[in-house]
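Visitor: I would like to go through this model residue by residue and then by helix pairs. Could we begin with a single side chain and widen the view from there?

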Amino acid sequence: MNSSIIALTATTVSTYISIGSTSYKQHYQHLWENGDSSPYLKSSFTEEIVQKELENSNLAHFLVYYGKKSVGIVKLILDAAIGDYTPQDALLLEKVYLLKEYAGRGIGRKVLSFVEAYALERNKGALWLDTMKNGPALYFYLSYGFEIWGDQRLEFENVREGEKPMYILGKRL
């Protein structure tokens with residue numbers, strides 16, 4: 001079955017919120033004390049926040065489809081400095097969440113190929129993201145050609161202390 005990545009519109013915001021919240025909980029609920037990921041969800045997946053983000057020309061949001069079913073989301077920051085790269089030279093892949101039941105179908109690789117092509121179309125010299133130091137996402141990104149460029153910490157206070165360390169991963173384009 002084919003997968004596709006379609007730009008978010010005002011009429012698909014509720015789908016983005018639903019898929020984003022569900023997939024986040026499936027993959028990252030364990031990071032939070034008492035399993036309460038609401039601080040993150042309230043900062044990322046409300047109607048008000050997503051509608052406001054749609055008005056920001058430095059952000060791009062997408063829904064990921066498997067056939068006709070929405071199975072994931074992508075959020076990009078188009079101009080995002082990292083290291084020696086100016087904001088105009090680098091693109092940040094801020095969010096890529098796929099529903100757990102669609103893992104292992106090649107959708108994640110298709111998303112990364114799409115994001116890389118999107119960055120190249122905008123003459124970016126680098127693509128970067130942050131990922132947890134613990135967990136399978138790190139190895140997925142490394143297998144796609146990303147390298148560890150630095151360290152950082154997840155700053156939400158309700159995140160379990162052992163889950164706060166993150167890597168900054170980058171890829172020169």
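Guide: N34 counts as exposed, at 78% relative accessibility. Buried means under 20% relative accessible area, exposed over 50%, and partly exposed in between, with a 1.4 Å probe and protein chains only.

Visitor: Before we continue, what are the ground rules for the model and its numbering?

Guide: This is a predicted model, in which local features need pLDDT of at least 70 and side-chain atom pairs count only at pLDDT 80 or more, while totals for chains, interfaces and linings use all residues. Residues are numbered from 1 along each chain as its sequence is written, and side-chain values use heavy atoms, with hydrogens and water left out.

Visitor: Back to N34, then. Where is N34 found, and what is its phi?

Guide: N34 sits in the loop between α1 and α2 (38-44). Its phi is near 60°, a positive value in a residue other than glycine. As for the element names, helices (H or I, at least four residues) and strands (E, at least two) are DSSP runs, numbered from the N terminus.

Visitor: And N123: what is its phi, and is it buried or exposed?

Guide: N123 has a positive phi of about 60°, although it is not a glycine. The residue lies in the loop between α4 and β5 and counts as exposed, at 64% relative accessibility.

Visitor: Let us turn to helix packing. How is a packed pair described?

Guide: Two packed helices are described by the angle between their axes and the distance between the axes. Axes are lines fitted to C-alpha atoms, for helices over the stretch in contact, and angles run from 0 to 180 degrees between N-to-C directions.

Visitor: At what angle do α1 and α3 pack?

Guide: Helix α1 (residues 13-28) and helix α3 (residues 47-54) pack at about 120°, with their axes 10 Å apart. The two are therefore oblique to each other; angles under 35 degrees count as roughly parallel, over 145 as roughly antiparallel, 65 to 115 as roughly perpendicular and the rest as oblique.

Visitor: Which residues make the contact?

Guide: On α1 they are V13, Y16 and I17, and on α3 they are E47, V50, Q51 and L54; contact means heavy atoms within 4.5 Å. By class, the contact of α1 with α3 has five nonpolar, one polar and one charged residues. Here Ala, Val, Leu, Ile, Met, Phe, Trp, Tyr, Cys and Pro count as nonpolar, Asp, Glu, Lys and Arg as charged, and the others, Gly among them, as polar.

Visitor: How do the axes of α4 and α5 cross?

Guide: The axes of helix α4 (residues 107-121) and helix α5 (residues 136-143) come within 11 Å and cross at roughly 55°. These helices are therefore oblique to each other, and α4 passes α5 in a right-handed crossing. G108, R109 and L112 of α4 meet F140, Y141 and S143 of α5. By class, that contact has three nonpolar, two polar and one charged residues.

Visitor: Changing topic: how many salt bridges does the structure hold?

Guide: It holds nine salt bridges, each a side-chain nitrogen of Lys or Arg within 4 Å of a carboxyl oxygen of Asp or Glu. One of them joins E53 with K75, the closest N and O atoms being 2.8 Å apart. That pair links distant parts of the chain, with E53 in helix α3 and K75 in strand β3 (residues 69-77), 22 residues apart. Both E53 and K75 are buried.

Visitor: What about K124 and D79: how far apart are their closest N and O atoms?

Guide: They are 2.5 Å apart in the salt bridge of K124 with D79. K124 lies in the loop between α4 and β5 (126-132) and D79 in the loop between β3 and β4 (90-98), so the pair ties together parts that are 45 residues apart in sequence. K124 is buried, with a relative accessible area of 6%, whereas D79 counts as partly exposed at 34%.

Visitor: And which residue does E121 pair with?

Guide: E121 forms a salt bridge with R122, with the closest N and O atoms 3.3 Å apart. E121 is exposed, with a relative accessible area of 58%, and R122 is partly exposed, with 33%. Separately, salt bridges that share partners join E53, K75, E94 and K95 into one network.

Notes:
Left-handed = near helix turned anticlockwise from the far one by under 90°.
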